[in-house]
Amino acid sequence: MASEATNVSPNATQPSGLAQRYALALLELAKDKKTVDAVAAELEKLGALLAEDAAFRAFIHDPRLDSSAQQRGAFAVLERAGVSGDVRNLVGVLIANRRLSALPQVVNAFGALLAEQRGQQTAEVATAHPLTDTQRAQLAARLTEAGYSNVKLVERIDPTLLGGLVVRLGSRLYDSSIKSKLQRLQYAMKGAA
């Protein structure tokens, strides 16, 4: 089973049409240049940076910054993270179009498009804290046991879950979060009263 993980911003939602268009343009450019794997690796770095660095997330969502300030700040962060080339250019285009806040959704949309083109199933995993490599491997093994093969994990941090995880695979939802367990207990207690 091929299992990959992409970390995205805690605030990332389903990709919008806008994010899909930017992601598709980047994917087509990478295909033309035959650099799909390199672009995917750089986007994974960027996704990890978005997931781990709250200050960077706040920076990209700050509407008070003008384009030149966004460009200086974002390019400095990308250079420090070792992200360059087409991904850097994508960030530049997002800044020029005043769409930098859509960056987490574009990263997410690119991962979904790439997985779809490679014939992978995408499992969206929401957790209260980032998964460790061991937890990712265990989750991939459990999904294989459940009959899902060639799964790509797309991770999202949701502190409101308190613990556990929520996995969405296609139309199926597996919820073992503490938040939902507490809600079920609350409903049971209301019913018993």
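In this predicted model, a nonpolar patch on the surface is formed by Leu 162, Ile 178, Leu 182, Leu 185 and Met 189, which together have about 490 Å² of accessible area. Of these residues, Ile 178 lies in helix H8, which spans residues 178–192. Ile 178 counts as partly exposed because its relative accessibility is 39%, a value between the limits of 20% and 50%.

Strand S4 (residues 165–169) pairs with strand S2 in the antiparallel sense, over five bridges. Within this pairing, Leu 169 of S4 is the bridge partner of Ala 123. S4 also pairs with strand S5 (residues 172–175), again in the antiparallel sense, here over four bridges. Leu 169 takes part in this second pairing as well, with Arg 172 of S5 as its bridge partner. Two residues separate S4 from S5 in a hairpin, and Gly 170 in the turn has a positive phi of about 65°.

Strand S2 covers residues 121–127 and includes Thr 127. The relative accessibility of Thr 127 is 3%, and the residue therefore counts as buried, the limit being under 20%. Beyond its neighbours within four places in sequence, Thr 127 is in contact with Arg 156, Ile 157, Asp 158, Leu 161, Gly 164 and Leu 165.

Helix H2 consists of 17 residues, 36–52, and its first and last C-alpha atoms are 24 Å apart, close to the 24 Å expected at 1.5 Å a residue. The buried residues of H2 are Val 36, Val 39, Ala 40, Glu 42, Leu 43, Leu 46, Gly 47, Ala 48, Leu 49, Leu 50 and Ala 51.

How values were computed
Residues numbered from 1 in each chain as written. Predicted model: local features only at pLDDT ≥ 70, side-chain atom pairs only at ≥ 80, totals over all residues. Heavy atoms only, no water. Buried < 20%, exposed > 50% of the residue type's maximum accessible area, 1.4 Å probe, protein only. Contact = heavy atoms within 4.5 Å. Expected span 1.5 Å × (residues − 1). Patch = residues over 30% accessible without salt bridge, like charges linked within 9 Å, V, L, I, M, F, W, Y side chains within 5 Å. Areas by Shrake-Rupley, 256 points an atom, 1.4 Å probe, with all protein chains shown as cover. Salt bridge = Lys/Arg side-chain N within 4 Å of Asp/Glu carboxyl O. Pairing = 2+ DSSP bridges.
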